[in-house]
Amino acid sequence: MAFLRSFMGAKQIMRRRESSSSASSTPRGFMAVYVGENDQKRKRYVVPVSYLNQPLFQELLSKSEEEFGFDHPMGGLTIPCHESLFFTVTSQIR
């Protein structure tokens, strides 16, 4: 049950930040990441830059790079994974 609350909390924070910023701007101290398994399912999220220092987030980025390369055509970091995995990782960082 605690995991579910943590997961839902992370999802709300990410969406709140996503909806509060326009598609062309990202608040200082944050970065845009595009999460989804393919172009049609990708969604833009705004996460703290401090996530780059977190081992879990670094592992997620490494696995993405290994599997899909390091090309980010959308202008932000692209993480081609299912949203639930992204939320699981980010909820464990908080």
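Trainee: Why does Asp39 count as exposed?
Mentor: Asp39 has a relative accessibility of 57%. Exposed means over 50% relative accessible area, buried under 20%, and partly exposed in between (1.4 Å probe, protein chains only). The value 57% is over 50%, so Asp39 is exposed. Asp39 sits in the loop between β1 (30-35) and β2, and its C-alpha is 8.9 Å from that of Pro80, 41 residues away in sequence.

Trainee: What are the ground rules here?
Mentor: This is a predicted model, in which local features need pLDDT of at least 70 and side-chain atom pairs count only at pLDDT 80 or more, while totals for chains, interfaces and linings use all residues. Residues are numbered from 1 along each chain as its sequence is written, and side-chain values use heavy atoms, with hydrogens and water left out.

Trainee: What makes residues 1-5 a stretch to treat with care?
Mentor: Over residues 1-5 pLDDT stays under 50, and the model has 1 contact (heavy atoms within 4.5 Å) for them beyond four places in sequence. Where pLDDT is low, the predicted coordinates should not be read in detail.

Trainee: How many aromatic pairs are there, and why is the one formed by Tyr45 and Phe86 called tilted?
Mentor: The structure holds 4 aromatic pairs. In the Tyr45 and Phe86 pair the centres are 5.7 Å apart and the planes make 35°. Rings of Phe, Tyr and Trp (its six-membered ring) pair if their centres lie within 6.5 Å; planes under 30 degrees apart count as stacked, over 60 as edge-to-face and the rest as tilted. The distance qualifies and 35° falls in the rest, so the pair is tilted.

Trainee: What does this pair tie together?
Mentor: Tyr45 lies in strand β2 and Phe86 in helix α3 (residues 83-93), so the pair ties together parts 41 residues apart in sequence. Tyr45, Phe86 and Phe87 form one aromatic cluster.

Trainee: Are Tyr45 and Phe86 buried or exposed?
Mentor: Tyr45 has a relative accessible area of 0% and is buried. Phe86 is also at 0%, so it counts as buried.

Terms used
pLDDT = per-residue confidence, 0-100. Helix = DSSP H or I, 4+ residues; strand = E, 2+ residues; numbered from the N terminus.
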